[in-house]
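Open the model in your viewer and keep the selection panel at hand. The stops below go from the whole fold to single residues.

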Amino acid sequence: MTASVLYDDGNHKCIAFTDLVPGEAIRSNQFLIVDAGDSMLLDPGGNLTYNDLLAEVASFAPPSLTRYVFASHEDPDIIASANGWLLISDAKIVIAQEWARFLPHFCLKGMTEGRVLPVPARGMNLELGNCELKIVPAHFLHAVGNFQVYDPVRRILFSGDLGAALIDETKVGPMVVDFDHHLRSGHSGLFHRRYMTNNKVCRFWANMARTLEIDCIAPQHGGFLTERSMVNRFIDWVEGLECGTDLVSEADFVIP
Ligand SMILES: [Fe+2]
Ligand SMILES: [Fe+2]
């Protein structure tokens with residue numbers, strides 16, 4: 001059993017699946033939010049995780065009744081299993097409008113017709129059961145059209161690749177136990193410096209994140225930030241982060 005119940009008040013549930021990726025593939029987390037029987041999967045991944053995730057999800061909500069499949073962006077570890085989820089349910093895939101017409105390339109012909117909910121650049125509110133989730137912008141962190149999900153019930157920000165650490169943390173469970181190590185280990189710092197686009201968008205995101213009440217940041221790779229103090233330090237760290245185009249130079253554009 002790989003599921004971690006992050007929250008369950010009998011009506012609203014947040015579930016994390018942290019151990020479904022085998023072998024050489026980059027480890028990743030998948031998430032499920034359930035409210036009043038309505039369910040949304042977040043960043044379910046590709047074919048590698050599809051069968052096991054399907055079985056795990058069934059313990060918490062009927063997969064065939066999944067209402068939304070949220071994709072923070074278009075990467076294979078995010079949404080390459082789109083075809084499978086569309087096949088077994090009536091779910092709509094929620095993805096940035098920039099990626100809506102790229103998604104059919106993961107699917108059989110016609111599978112995505114009427115099944116994609118493109119998110120406008122400003123983000124949107126999304127009703128699930130009796131709650132309203134916020135789909136908030138995280139553009140260029142790291143993809144062109146990139147969103148995160150804020151759950152106001154448990155005050156979790158499902159942050160996609162922002163906050164990710166590319167490390168096998170199964171030995172310490174899904175929670176970050178040493179925040180300084182998490183940032184300085186290189187597993188998180190190096191990842192952010194290469195994959196995030198630049199400091200300009202980091203600062204915009206930090207300003208926005210401070211207006212949300214966040215008790216936990218749950219990224220798509222690695223451990224979670226589970227205390228308000230860690231969350232605040234992470235936001236401060238992102239605000240000052242130099243990354244992506246801040247760090248490239250002419251030396252990176254030399255013909256080999
Ligand atoms: Fe990604
Ligand atoms: Fe990722």
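**Before you start**

This is a predicted model: local features need pLDDT of at least 70, side-chain atom pairs count only at pLDDT 80 or more, and totals for chains, interfaces and linings use all residues. Residues are numbered from 1 along each chain as its sequence is written, while chains are lettered from A and ligands numbered from 1 in the order in which they are written.

**Stop 1: the whole chain**

Show the cartoon. The protein has seven helices and twelve strands. Both are DSSP runs, numbered from the N terminus: helices are H or I with at least four residues, strands are E with at least two. Now switch to the C-alpha trace. Along its principal axes it spans about 50 × 40 × 35 Å.

How does the radius of gyration sit against that of a compact globule? For 256 residues the globule value would be near 18 Å, and the protein has 17 Å, which agrees. The radius is taken over C-alpha atoms, and the globule rule is 2.2 Å times the number of residues to the power 0.38.

**Stop 2: the sheet of seven strands**

Select β1 to β7. These seven strands form an open sheet in the order β1-β2-β3-β4-β5-β6-β7, with mixed pairing. Two strands pair if DSSP finds at least two bridges between them. At the edges are β1 (3–8) and β7 (116–119), each pairing on one side only. From one strand to the next, the twist averages 20°.

Strand β6 (residues 92–96) runs parallel to β7, and four bridges join them. Pick Ile93: opposite stands Val116 in β7.

**Stop 3**

Select β8 to β12. Here is an open sheet in the order β8-β9-β10-β11-β12, again with mixed pairing. Its edge strands are β8 (124–128) and β12 (216–219), each pairing on one side only. Neighbouring strands are turned by 25° against each other on average, direction ignored.

Walk across it:

- β8 and strand β9 (residues 131–137) run antiparallel, joined by five bridges. Glu127 stands opposite Glu132 in β9.
- The hairpin of β8 and β9 has two residues between the strands, and Gly129 in it takes a positive phi near 60°.
- β9 and β10 are antiparallel too, with four bridges. Val136 has Gln148 in β10 as its bridge partner.
- Strand β10 (residues 147–151) pairs with strand β11 (residues 156–160) in the antiparallel sense over three bridges. Asp151 stands opposite Ile156 in β11.

**Stop 4: the loop between β9 and β10**

Most residues other than glycine have a negative phi, and most peptide bonds are trans. Select Phe140, which lies in this loop. Its phi is near 65°, a positive value in a residue other than glycine. Then pick His142, also in the loop between β9 and β10. A cis peptide bond joins Leu141 and His142, with omega about 5°.

**Stop 5: the α6 and α7 pair**

Select helix α6 (residues 199–209) and helix α7 (residues 228–239). They pack at an angle of about 155°, with axes 8 Å apart. The two are therefore roughly antiparallel to each other (the term covers angles over 145 degrees).

Which residues meet here? Cys202, Arg203, Trp205, Ala206 and Ala209 in α6 meet Ile235, Val238 and Glu239 in α7. Contact means C-beta atoms, placed from the backbone, within 7 Å.

Key. Axes fitted to C-alpha atoms, helices over the stretch in contact; angles between N-to-C directions. Parallel < 35°, antiparallel > 145°, perpendicular 65-115°, else oblique. Contact = placed C-beta atoms within 7 Å.
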